[in-house]
Structures are given as structure tokens and as C-alpha cells.
Amino acid sequence: MEILKTQYDVLIIGGGPIGLACGIAAQEAGLSYLIVEKGCLVNSLYHYPQNMTFFSTSERLEIGDVPFMSTNTKPRRAEALEYYRRIQQKFELNIRLFEEVTMVYRRTDGFEITTSKSSYRARYVVVATGFYDIPCLMNIPGENLAKVSHYYNDPHYYAGQKVLVVGASNSSVDAALETYRKGAEVTLVVRGACIGPRVKYWVRPDIENRIAAGEIRALFSSTLTAIRPTEVDILTPDGPITIENDFVLALTGYQPNFAFLEKIGITLADAPSREPYHNPETMETNIPGLFLAGVVCGGMNTHLWFIENSRVHATQIVKRILEIER
């Protein structure tokens, strides 16, 4: 590994929209900075389903006071990828892609950050790593089979197949509808008694109508209990059943990298949310000079923070840094 002891005012971990917003805020404040991203630019958005439409309108996804023009009011994944790529170009953001941060060490004069490729020093560190990289596992037999995926991309792959979709969130409902329309035989397994309350309002009537018409089979108050190469077991209110199956889309949600947060010393709440400690006014954690930004702040409450309501974290963090520097 090439060892560099480059010194920055701020090192930002994560090159998603909020990481980019933090870079822009640092740049505008005259602070030297570096954004380090383990994947491609806005990596999490890149791994969203190809046909995804955002819940937010385009102006709520804007950063850096740059207008986001989209064909429809609610932009699609491809439009968002292009927008944030143009943001990176416009501001000439200092970013290193495909470089994973492995450790952050507290020093008397700031931090030392080691990555998969290098090592840096910074007076302040911002963790803006999101939550899309680690799926919430079901921990059932057969979950490791090749036919099981915790991510959904394109419906064509499942044409003519018996597909089981687990979950009642936006991602689950989108996958069920899209694979059904590509000719899949779809069964939706939902732990609760109905479709999730946060499902996009323009999608809800579609899934409810497909279920009512018998075009998509929905098993409510049910749990997937085992997966085998050609079938699955499901516990329903009427007892256990076994159905034929080719693919399982276990869209059971995602979580922040809690192991990394703990490794670098951030305190996590004992509650099920495991919310990482931070001052909501400054976004500073229990470690002086180390900040959180974006959806990672909510822990397991991944519905609390989005691009539209966490863009302000960048301003809060830079304001706090400038106060410390005075």
C-alpha cells in the first residue's frame, strides 16, 4: 500500500449526495478536503434498481444550489446519476473513488485515516456512508443459495420464473409489480397485515389492485422460514405451506455499517435503532472533531433521513468546524 501523509482540513468518508454536499460546503468555506468513496461516484444510487423513480421531487435532491432538471417531477435513477456526476464536474470536487476507508485513528492534532490504497491526515472527519451496503438478513436455512438476492435490479431476468418477494416496502412492491409485468409468477410475503404505510402513494393502488385481482399472490402476516433449490417454506396464519420457487428477492431492508462505526469509536444507542451518537445541532459525535452526515445518523431508523432533509448536515458541520477554528 502506498503510504501518503497528506494533510487536509476535512476528510469525508462517502461519495454519495450528502458526501458531495459536505465537499461543496468545505470548498466554499475555504477548507481543504478530500472525499473518499469505496465504490463509484454516488455508489448507493448506482446500485438502485434501473427503473427506480425517486419519492422526492427533483428540487429536493439538489445540492450546491445547482438546479436539478428532470423529465418528470420525480426523477429516475439515470437522471440522478447524471445530475450528481455533473455536480462533481462543476465543482471539481477532490474525490478518490474505489478506495475504502478501513480505519480512523484519533491523534492529538486530528485524525489519521487509513484506506485500501493510502493513508491521510485530517483535522476533522465526516462519516457520510449511508446504509445501503449491508442487507438485513433473515437468518433462515437456504438464505445463502445463489437464487436468493437482497438486491433487485432489472425485471427481465425473472421473466417466466416463480419469484418470491419478501417485504412490503417500496423496493419490495416495485420488484413485485415489475417482475409480474415481465411475466413472472409472483408471490409476495409480508410480515405485517397489509402493504407498508410508506409505499409511494402512486404505486399503492397498483399493487393493491394486482393483489385483489389475483395477479400477484400476497401472503400477509406470514414469514419465509426456509429456502431450497426448487421450493420454499412459508409460515402463514393458516399454518405452514410449501410452494415451488425459482428465485427469492429478500428485500428486507438495509443497515449502516455498525461494525465500522464502533471500530472507529462512535457510541451506538442500546435501543434497537442503534442510532450513533451525535449532536443534532452540530452533527459532532462523541469523538471531538468527528461528524456524521446523512442517513447514517438514524441507525436502523433508515426512514428518518433522506437526501432532501439531510443536505443541511453539510452546512451544520462546516459551521461547527469554523467555530472551532476561530
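Predicted model: local features only at pLDDT ≥ 70, side-chain atom pairs only at ≥ 80, totals over all residues.
Residues are numbered from 1 along each chain as its sequence is written, and side-chain values use heavy atoms, with hydrogens and water left out.

Where does S169 sit? Look in the loop between β9 (162-166) and α4 (170-181); helices (H or I, at least four residues) and strands (E, at least two) are DSSP runs, numbered from the N terminus. Leaving aside residues up to four places away in sequence, S169 touches V199 and L251, a contact being heavy atoms within 4.5 Å. L251 is 82 residues from S169 in sequence, yet their C-alpha atoms are 8.1 Å apart in space.

You will find M300 in the loop between β17 (290-292) and α7 (307-310), and it counts as partly exposed because its relative accessibility is 28%. C136 is 164 residues away from M300 in sequence, with 9.8 Å between the two C-alpha atoms. Not counting residues up to four places away in sequence, M300 touches C136, Q255, F258, P272 and S273.

Now step back to the whole chain. Its secondary structure comes to eight helices and 17 strands. The radius of gyration is 21 Å, close to the 20 Å that the globule rule gives for 326 residues, so the chain is as compact as a globular protein of that length. Here the radius is taken over C-alpha atoms, and the rule is 2.2 Å times the number of residues to the power 0.38. Along its principal axes, the C-alpha trace spans about 65 × 40 × 35 Å. Among contacts with a separation of 6 or more, 61% join residues 24 or more positions apart.

What lies inside? Buried residues make up 52% of the 326 residues. In soluble globular proteins, nonpolar side chains tend to be buried together. A nonpolar core is a set of buried Ala, Val, Leu, Ile, Met, Phe, Trp, Tyr and Cys residues joined through side-chain atoms within 4.5 Å. The largest such core here has 92 residues, and L20, Y84, V104 and L290 touch the most other members. Helix α1 (residues 17-28) gives the most to this core, with seven residues. Apart from it lies another core, of 14 residues, including M138, L164, V166 and I234. Going back to V104, its contacts include I13, F111, V125 and L290, not counting residues up to four places away in sequence.

Finally, turn to two loop residues with a particular backbone angle. Phi of D65 is near 55 degrees, a positive value in a residue other than glycine. D65 belongs to the loop between α2 (43-46) and α3 (77-91), and it is exposed, with a relative accessible area of 79%. S221 also is not a glycine, and has a positive phi of about 50 degrees. Its loop runs between β11 (217-219) and β12 (223-227), and at 38% relative accessibility S221 counts as partly exposed.

Technical notes
Buried < 20%, exposed > 50% of the residue type's maximum accessible area, 1.4 Å probe, protein only.
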